[in-house]
Amino acid sequence: MAEPGRTVRSQGIAGTWPGGRTASASGLAPAGLDLWTSLAETLRVWLRAEAGAGRLLPWVPVAFGCGIALYFSADHEPVLWVVATTAIALLLGAALLRRSRLFAPAIMIAAVAAGFAVATWKTARIAHPVLAKALYSVSLSGFVEARDIRERTDRFVLRVTAMEAQRSDVRLERVRLSVRKGTAPEVGSFVQLKARLMPPLAPVRPGSYDFSRDMFFQGIGASGFAMGAITVAAPPETAGWRLRYAAFMQGLRDAIDARIRATLDGDNRAIATALLTGRRDAITTPVNDAMFISGLGHVLSISGYHMAVVAGVVFFAVRALLALVPGLAAGFAIKKWSAAAALVAAAFYLLLSGAEVATQRSFFMTAVVLIAVMVDRRAITFRTLAVAALIVLAVAPEALVHPSFQMSFAATLGLVALVQIGMPNLFASPDHSATARIAMWGGREIAMLFMASLIAGLATTPYAAFHFHRVTPFGVLANLGAMPVVSALVMPAGLLGLLAAPFGLDSVFWWLMGIGIEWMVAVSRWVAALPGAVGRIPAFGIAPLIAASLGIIVLGLLRTPLRWSGALVLLAAILWGLSARQPDILIAGDGASVAVRGRDGYLHLIRTNKDSFLLKEWLAADADPRDAGRASLADGVSCDESGCVTPLADGRLVALALRVDALADDCSRAALVVTTRPTPPDCAAMVVDRQRLASQSALALTRRGDGFVVQTVRARGTSRPWLPAGAGEGDFDGSLAPKATAPRIKDATPAETDLQADD
């Protein structure tokens, strides 16, 4: 809006900027003054437009999510009543200021406080014991709540009713156990067994994903494996309706899998089952890797795409059938009836697929869209996205730190912006004969598919790079080749198969589904085999990811040219992330594995166990293409029964001491000694010992002068319910420095290569 008494042209940017004047009317002002005045006026106009009616709601979930992020960054658990009281007071204050100019900042601050409070309340509500140290030969009794069929082993979640362990009085509520393939008990059964239990998996390096947090919010306090036979017994108490419901849904999933198995086998069966029931652990590793490398991995995880396809197929099918009845089509709102039927189908799909957090998020988004159709509102808007995000974060605030939430909403934000901005232009009436012919042959639809794949891929790239350390350069190509087949054949055939299964007429639909899956797998293998298909990105900190998220949000939500400031922020975040320095030494939380960066710039590994998952994560975070079994990982490492030694890039030695009698020699020769044995007080080397590892868990060391800057999984003074403070809490700072001692005894042992040369 223009100020009173001022004439402002409204023909876009060109009408806002002055033309041709080099001085003010008085002739005394500098030549550039009018330019800066016009620039300031333009910025004010843009800011007023961004703060206009209807522009505030999409920013509320952003502020709500910021509050949740603040909660997860806290050092210790907040006091619930203080947090809740603060949030309520700020919300009341914002309500009182609703007619004031201060309403916008007040509601944003209140949303931040509300997000912080909701996350605190969720943690307090589900609080349960978490195992702190490994337990052997634990006697367990309880109900089987869930079961996963995997490629090599099966896994199930046990709700514990009785637990006996030597030298421990901890009582866990739920544990997750692995068993030999084919031996997992039925969901709902009451079992008795012995197991080895271990604490939930902590981050394998500073900054990596925290699996223990996921398990905590799933109510699981430990993981492990069964030892010996599993006995099914009569339950001492009734299972409850929740468990009976879980058993019913598990039986339904097993029945669907059995029907698919009768027609399909191998990866085709595994993928078909994953698309319909959420079970994706039976997919073989080569196919799974090809799907993710090609950019089609999102198909394997039930997300907004699957929910949209299910709801869309049901919506249009029901509407087409109702339209065949002239009386219904003319006199009733069959569009709303079709939306209601699609909502019911989406809810059933949610329950069938296990109702995981990612699937819940997809259902809420789809439900908001369908409800908007039922109440005669625009379905795909920023408000719809905002409402869905608020619902998801209020129900499951822990979803904010999960990669599926981040990638899904980033992609959805980009697609909604495309619908609001790009689609009206693409679907405008063609005014040229060539344009008309292109449109008639599907040119606009192809362009829209290309743009949707490109925008969704670009929006999710920062999160894929941060969590999985890779990007998909040919993701658009894979999606263009496979997604039309998945949308038009695979998913509709799967839905028809579900409907036809009770009548025994489903085989043909599983066969059709298998044809589409074979095409999808072929496309993924072809794209994954292209040169440069694997885009590896080294690990970077959370700060560049936050900056990239801010850039994406600004690009997506703003309407005026101010949105392009988000592109500048995004570019700065990319450069920031790519310039991150990688650590010189990585030390596992148990002290059994050490990775040292040598002169060649690669990590050289010292390990005393077979933790392939740890090595895979370390190598991925270093953008190292080698796999965990590569012999070159041990180049430059010298080992004997007492320990191992390998040099840093500057020639100094790093030693992993396994026995006490090796410490004297390692302390005199090495610059850094890693050991779980008691070290002598006069050790001249820098030491990472059992006490430090128990206090700080996994470490990442970066050279600084003669010492190291230390990054830790457990920062000093940090203790959260899913990652409690270590038992060996000590006063350790964020650095390691050489000790001021007498000069080291110079090592006179000649190198083996020199001896061979002399011979």
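**Ground rules.** I worked on a predicted model, where local features need pLDDT of at least 70, side-chain atom pairs count only at pLDDT 80 or more, and totals for chains, interfaces and linings use all residues. I numbered residues from 1 along each chain as its sequence is written, and side-chain values use heavy atoms, with hydrogens and water left out.

**Count.** I looked up salt bridges (a side-chain nitrogen of Lys or Arg within 4 Å of a carboxyl oxygen of Asp or Glu). The structure holds 22 of these salt bridges.

**Arg48 and Glu41.** I found their side chains in a salt bridge at 3.7 Å, N to O. For accessibility I used relative accessible area: buried is under 20%, exposed over 50%, partly exposed in between (1.4 Å probe, protein chains only). Arg48 is partly exposed at 32%, whereas Glu41 is buried at 11%.

**Arg159 and Glu145.** I noted a salt bridge between these side chains at 3.9 Å, N to O. Arg159 is in strand S2 (residues 153-164) and Glu145 in strand S1 (residues 135-149), so the pair ties together parts 14 residues apart in sequence. Helices (H or I, at least four residues) and strands (E, at least two) are DSSP runs, numbered from the N terminus.

**Asp254 and Arg147.** I read 2.7 Å, N to O, for this salt bridge. The pair links distant parts of the chain, with Asp254 in helix H7 (residues 241-261) and Arg147 in strand S1, 107 residues apart. Asp254 is partly exposed at 22% relative accessibility; Arg147 is buried at 10%.
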